[in-house]
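Here is a short briefing to read alongside the model. Keep the viewer open and follow the topics in order.

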Amino acid sequence: MPLTVVLAGTRKGCFVLESDGDRRDWKVRGPYCEGWPVYHAVHDASSGAIYAAAASEWHGAGVWRSTDLGESWELSSEGLGYADGGPKLSKVSGLTVAHGRVLAGAESAGVFESRDGAKTWSLLSTLDGMPGREGWNDPANQPPGHLGLPAILPHPDEAAHFWAVVQGIGIFETTDDGASWTPRNRGLRADWPLEDPEVGYCVHKLVMSPVDRQRLYQQNHCGMHRSDDGGHSWTEITEGLPSDFGFAAAAHPHDRDTFYVIPLDPGHGRIMPGGKAAVWRTRDAGSTWQRLDRGLPQRDAHLGVLREGMAIDSLDSPGLYFGTSTGQVFASADEGESWSEIASYLPAISSVEVAVVA
Amino acid sequence: MADLHLPATLPPLFRDLPRRLDVDAATVDEAIERLDERWPGLRDRLCAEGTELRPHIHVYVDRERAELGTALAAGSRVDVVAAISGG
């Protein structure tokens, strides 16, 4: 019987939720990582390790690692930093495991890599020369919360090929391991003036269909978008959703046209509209959308879900999971048709990832 | 030897690191270096980019606010304090 492991990164450490293949009964372990704020915790299928990107207000940024599914942890930040006189590294926020290494996105914006299981790190790129690069680390240009490089999407087959998201700027693609980059924001919408139409877009979440390398989806600050050409061009697919704003998104593991999103109110609150919790699904690549809310609270549920807050497993009937800014984790074992609350009182959740362990 | 006192948030990060220990060093910077030699990575937890104390880490030598270059005398008491903040 496989073990289903959900990793919840929270403001007060990492938590591990475990169930069997039925995904009905769950056990919660934690908090881990000494209660440090964890922005993104991921599982490395090849080694079995867990990595958790964290940043302490007192002791700085680092990546925790566990090789025993969370029972014991070690922290390292060796190599996670910029040269003297360069930008400051305040946070490591997005982790990606692919092709035998771990990639980390940082704030100030940069891509770091580790080839020894997150023990040591080296700087891969700060995207020098890209449009917008001169200004995006300037403190005068930083909004509340600051901007960084929160996400890296790897190509499943090509180790040197990946996409990086720079907050408020957009998507950049490299095919030579960060030596050169190309902006990939054509067709996106921005509700503000742009000096350069190549950049200036607020990409919240970028995902690839596991069964079609050309099919990408993104939740943007301004709408939902789909690409059928590996990110070279984008088409907006917001129509039919209750809001053009949200953070989290997930692509179905077996069907290129099925995709999930959690629309939020776009104002200050950034919570689910009307106090009614729902995940929305398309089965036709964004032509139509269905509201999925069976088992989710439909009254006084003012829930927020952040960019890494939703995940989908790879089982035959995929399970969906999302964690909220108020500490609940909801799960569906039937592709989102019905939901149950599998953790109720965790600290504010930044990330949810899932792994199926043999 | 300086009499070094560390914040409670630090020992859980390093195996067998005590809250209080004696360190033979001429400056605060050297004291942190001695700790980093024995517990690799500790410097990163106290210093930003290796060159200055992190914003919410304060050091006091004999109850006076200190910087990395502050000199230590034999018997100096060094308090490393994590700012009272958070929630």
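Two strands count as paired if DSSP finds at least two bridges between them. With that in mind, look at this predicted model and find Gly94(A), which stands opposite Gly105(A) in strand E9(A).

- Strand E8 of chain A covers residues 91-98, and E9 of chain A covers residues 101-107; the two run antiparallel and are joined by seven bridges.
- Two residues lie between E8(A) and E9(A) in this hairpin, and one in the turn, His99(A), has a positive phi of about 55°.
- Is E8(A) enclosed or open to the outside? Seven of its eight residues are buried, so E8(A) is largely enclosed by the rest of the structure.
- As background, strands of a sheet pair through backbone hydrogen bonds, either parallel or antiparallel.

**A four-stranded open sheet**
- Another place to look is an open sheet in chain A with the strand order E12-E13-E14-E15 and antiparallel pairing.
- Its edges are E12 (151-154) and E15 (182-183) of chain A, each of which pairs on one side only.
- Within this sheet, E13 (residues 162-166) and E14 (residues 170-174) of chain A are linked by five bridges.
- Ala164(A) is found opposite Phe172(A) of E14(A).

**Chain A as a whole**
- Chain A has 28 strands and one helix.
- Its radius of gyration is 19 Å, close to the 21 Å that the globule rule gives for 358 residues, so chain A is as compact as a globular protein of that length.
- Along the principal axes, the C-alpha atoms of chain A fill a box of roughly 50 × 45 × 40 Å.
- Taking contacts in chain A between residues at least 6 apart in sequence, 49% join residues at least 24 apart.

**Burial and the nonpolar core**
- Buried residues make up 53% of the 358 in chain A.
- The largest nonpolar core has 127 residues, and those touching the most other members are Ala52(A), Met310(A) and Val329(A).
- Leaving out residues up to four places away in sequence, Val329(A) touches a set that includes Val6(A), Leu17(A), Tyr321(A), Ile342(A) and Val352(A).
- In soluble globular proteins, nonpolar side chains tend to be buried together.

**Where chain A meets chain B**
- How many residues of each chain are in contact across the interface? On chain A there are 12, and they meet 16 of chain B.

Key:
Residues numbered from 1 in each chain as written. Chains lettered and ligands numbered in written order. Predicted model: local features only at pLDDT ≥ 70, side-chain atom pairs only at ≥ 80, totals over all residues. Contact = placed C-beta atoms within 7 Å. Buried ≥ 20, exposed ≤ 12 C-beta atoms within 10 Å, placed from the backbone. Rg over C-alpha atoms; globule rule 2.2 N^0.38 Å. Core = buried A, V, L, I, M, F, W, Y, C linked by C-beta atoms within 7 Å.
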